[in-house]
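Okay, thanks for coming, everyone.

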Amino acid sequence: MIRTTVPTSVRTGSALLGIAGLFVLAGCSSTGGTADAPAGADQTTGSNSSSSSGGDASGTYKDGTYTADGSYQTPETVEEISVTLTLADGVVTDVEVTGDPKAPETERYQGEFIDGIADEVVGKPIDELKVSRVAGSSLTSGGFNDAVAAIKEQAAA
């Protein structure tokens, strides 16, 4: 005779094991999108979003316009972007990002990032800037965040 039901103890154990597995996987997720990104991660599609977290140490910044370069690794190349931020009372009032993409796919993602970055950072305190994905581009954010860190050093009062 073939048994068609699974004993309750097996079902309960399997359910608990599945839930434990979800918690383990949730702990492995990355919010940065740069260091732990798998090959091709910049090719993901998604909504515009950024994560804002308080900076390591809030500081006082001189008003002005500052420029710095940032770089990030793609599956094909190391790409660079140039970031210019204008600050007033420690708040970003203007942003300009330029890139010089080496790969055709990077050109697309940098373009989408550049088109969407102002909506994510203008009006926010520089100490709260840390973007993770803009217009589906997650790797470009790493270069942007590097440039912001350099600008914070330049603008420190």
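**Helices on a sheet**

So, let's start with helix H3, which lies across strands E1, E2 and E3 and runs at about 145° to E1. Keep in mind as we go that this is a predicted model.

What order do the strands come in? The order is E1-E2-E3, in an open sheet of 3 strands with antiparallel pairing. E1 and E3 are the edge strands, each pairing on one side only. From one strand to the next, the twist averages 25°. Helix H2 packs on this sheet as well, touching E1, E2 and E3, and its direction makes about 170° with that of E3.

Let me zoom in on E1 and E2. These two form a hairpin, with 4 residues between them. How many bridges join E1 to E2? There are 10, and the two strands run antiparallel. Then go to Thr65, which has Thr86 as its bridge partner in E2.

Next, the inside. The largest nonpolar core has 25 residues, and the ones touching the most other members are Val83, Leu85, Val97, Ile117, Val121, Ile126 and Phe144. Which elements give two or more residues to this core? Those are strands E1 (64-73), E2 (78-88) and E3 (91-99), along with helices H2 (104-121) and H3 (139-155). H3, the helix we began with, gives the most, with 6 residues.

Not counting residues up to four places away in sequence, Val121 touches Val92, Val95, Leu129, Val131 and Phe144.

Last stop, Asp100, which sits in the loop between E3 and H2. Buried or exposed? Asp100 comes out at 59% relative accessibility, so it counts as exposed, given that the cut-off for exposed is over 50%. Asp100 still has contacts, though: leaving aside neighbours within four places in sequence, it is in contact with Glu79, Glu80 and Gln110. And if you check Ser82, 18 residues from Asp100 along the chain, you'll find their C-alpha atoms separated by 8.8 Å.

That's my tour, so over to you.

Definitions and conventions: Residues are numbered from 1 along each chain as its sequence is written. This is a predicted model: local features need pLDDT of at least 70, side-chain atom pairs count only at pLDDT 80 or more; totals for chains, interfaces and linings use all residues. Side-chain values use heavy atoms; hydrogens and water are left out. A nonpolar core is a set of buried Ala, Val, Leu, Ile, Met, Phe, Trp, Tyr and Cys residues joined through side-chain atoms within 4.5 Å. Buried means under 20% relative accessible area, exposed over 50%, partly exposed in between (1.4 Å probe, protein chains only). Contact means heavy atoms within 4.5 Å. Two strands pair if DSSP finds at least two bridges between them. Axes are lines fitted to C-alpha atoms, for helices over the stretch in contact, and angles run from 0 to 180 degrees between N-to-C directions.
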